[in-house]
Protein chains: 2
Amino acid sequence: MSSGNELKAKFLEFPYVSVPHRDLMVDLVSSVESRAGSSLQPCTLPHEVQHFSNSTASSRGSLHIRTGTSSSQIDFMLGAWIHCKLPSGGALNITSLSAYLRPSTDAPHFLMELIQSSPTSLVLILDLTPRKDLIAYPDYLKTYYEDPQLDKHRQRLQMLPQVSPYFSPSLYIRAVVSPTAIMVSIDMGESESASIEGIIQDHISPIAKELLEFWLDKCAFLEKSVGDLEKVSLAKRDGIIKNKTIEIDLASSFPRLFGQEVANRVLDVLKGYYNA
Amino acid sequence: MSSGNELKAKFLEFPYVSVPHRDLMVDLVSSVESRAGSSLQPCTLPHEVQHFSNSTASSRGSLHIRTGTSSSQIDFMLGAWIHCKLPSGGALNITSLSAYLRPSTDAPHFLMELIQSSPTSLVLILDLTPRKDLIAYPDYLKTYYEDPQLDKHRQRLQMLPQVSPYFSPSLYIRAVVSPTAIMVSIDMGESESASIEGIIQDHISPIAKELLEFWLDKCAFLEKSVGDLEKVSLAKRDGIIKNKTIEIDLASSFPRLFGQEVANRVLDVLKGYYNA
């Protein structure tokens with residue numbers, strides 16, 4: 001049986017994606033872990049949930065979850081990768097990093113997902129997810145999105161000719177993200193001079209790192225004073241977000257990709273974290 | 001001095017826009033007025049606010065407002081057009097129709113704006129503006145946006161090669177609209193076979209009419225039972241939306257376009273409706 005360190009090293013291999021893609025994911029996970037350091041508990045996922053595959057091993061996945069210590073504002077961080085061979089001969093590769101905060105702060109959650117379904121196309125979702133209704137709380141919009149000019153990242157990326165806005169088929173996903181969310185699809189077409197790897201390295205990496213820095217500095221580790229009533233309403237709204245994430249992001253695709261038994265095993269454990 | 005009917009006829013002339021653009025605006029205003037009929041009071045705006053211009057008459061504008069009777073769910077409807085000669089020789093033409101509901105219902109407001117700053121380009125904003133946080137109230141998202149498949153309109157329009165997503169520079173505007181909002185910019189480029197007028201007639205008109213029909217059927221005239229506490233929170237959120245609309249949409253541009261004196265005169269009257 002593998003030790004915790006070996007399982008973590010295996011997660012950090014991100015074995016099916018390109019070098020710049022892997023470097024980015026490792027960098028982001030390490031940034032959270034080195035910064036949050038003592039305020040995160042070790043990953044205690046069962047081994048068969050840290051790494052899993054379907055019966056033919058054509059689909060493989062890995063999860064890495066660390067919950068915050070009781071005094072931390074971080075609820076938990078979740079890193080994941082999924083690799084699925086496609087009947088067409090290609091493969092679907094998804095890597096993600098999300099980090100949820102507790103109701104002791106109202107600061108946004110962090111969310112990044114890279115979905116690559118062919119060597120020449122990629123969908124990127126990168127956002128600080130608001131915890132409050134931005135209309136009823138205009139100061140929240142100002143503090144976390146307007147004043148720090150978060151939209152500049154989206155604008156920068158949008159200038160690349162290969163980049164176009166991505167509209168999620170889920171209206172819930174469109175509604176839950178912030179107005180500065182980066183939701184783009186990147187299509188290299190027949191381009192020979194540029195590659196997805198180059199776009200990740202030169203454009204996505206610096207933006208994702210900068211946004212994560214901002215989140216660590218101004219969201220996760222900035223102490224906030226939140227009233228008791230507000231905590232209750234934050235917890236309720238967060239609960240809806242987490243349940244919807246399981247429902248939309250995972251529950252619909254996992255059984256298809258990994259078979260019902262493996263999907264149930266993984267989802268049951270995940271639900272424990274999301275509903276805790 | 002002109003009578004109310006003459007002033008209204010002058011508003012409905014939409015004298016500076018193309019025939020299909022005018023036909024669409026007249027059709028939409030008439031649809032609301034004929035359907036809402038007896039539940040709307042006559043327009044009682046001062047004459048000099050129904051029609052106004054700057055000192056050189058290079059900028060002209062017209063407003064038409066009707067408030068709902070006391071038993072109506074409609075707060076007020078506002079039709080408007082603005083025409084400004086540009087130093088470049090061209091002109092800016094904006095036409096809009098918005099309709100706000102009262103806190104006796106939580107159904108969405110209606111919003112349409114057409115902004116044409118050159119003969120070959122147009123920005124369209126068309127939406128049913130949510131009255132509640134769509135995350136905290138998932139049933140609201142389902143009832144007004146998912147179940148009636150409102151996204152199909154955006155998808156249809158997005159298929160045209162001249163149409164691309166429009167990102168408002170205001171994060172508030174991006175946050176206030178629904179996930180099915182049509183916010184697009186239409187650019188005809190050098191096309192000789194197609195025109196903005198053709199796009200308005202063949203594509204924008206049918207969509208705008210269908211969305212307004214839906215709003216009239218399922219929002220403005222469907223009785224809802226809203227609790228007293230909820231009414232208070234709807235009124236508060238609506239108040240923020242209305243104040244922001246004045247602030248972002250009008251207060252920043254009106255003095256520039258019409259001079260401070262005319263801008264103050266018009267805005268003071270408008271504020272009375274928006275804050276009522």
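Hi everyone, let's start with chain A, where 8 strands make an open sheet ordered β1-β2-β3-β4-β5-β6-β8-β7, with antiparallel pairing. Strands here are DSSP runs of E of at least two residues, helices are runs of H or I of at least four, and both are numbered from the N terminus; two strands pair if DSSP finds at least two bridges between them. The edges of the chain A sheet are β1 (51-53) and β7 (163-165), each pairing on one side only.

A quick word on the source: this is a predicted model, in which local features need pLDDT of at least 70 and side-chain atom pairs count only at pLDDT 80 or more, while totals for chains, interfaces and linings use all residues. Residues are numbered from 1 along each chain as its sequence is written, chains are lettered from A and ligands numbered from 1 in the order in which they are written, and side-chain values use heavy atoms, with hydrogens and water left out.

Staying in chain A, 6 bridges link β6 (residues 121-129) to the antiparallel β8 (residues 182-187). Within that pair, A:V123 has A:S185 as its bridge partner. Helix α8 of chain A (residues 228-251) packs on the sheet, touching β3 (74-85), β4 (91-101) and β5 (109-118); contact means heavy atoms within 4.5 Å. The direction of this helix makes about 170 degrees with that of β4(A), where axes are lines fitted to C-alpha atoms, for helices over the stretch in contact, and angles run from 0 to 180 degrees between N-to-C directions.

Now over to chain B. Between β3 (residues 74-85) and β4 (residues 91-101) of chain B, which run antiparallel, there are 11 bridges. B:G79 sits opposite B:L97 in β4(B). Helix α10 of chain B (residues 260-274) packs on the sheet there and touches β1, β2 (59-67), β3 and β4.

How do α8(B) and α10(B) pack? Their angle is about 155 degrees, with the axes 10 Å apart. That makes α8(B) roughly antiparallel to α10(B), the term for angles over 145 degrees. The residues making this contact include B:I246 and B:L250 of α8(B), along with B:L267 and B:Y274 of α10(B).

Finally, the interface: 22 residues of chain A are in contact with 22 residues of chain B. About 2,100 Å² is buried between the two chains, and carbon and sulfur atoms give 73% of that; buried area is the accessible area (1.4 Å probe) that two parts lose on being put together, summed over both. Thanks, everyone!

Notes. Angles under 35 degrees count as roughly parallel, over 145 as roughly antiparallel, 65 to 115 as roughly perpendicular and the rest as oblique.
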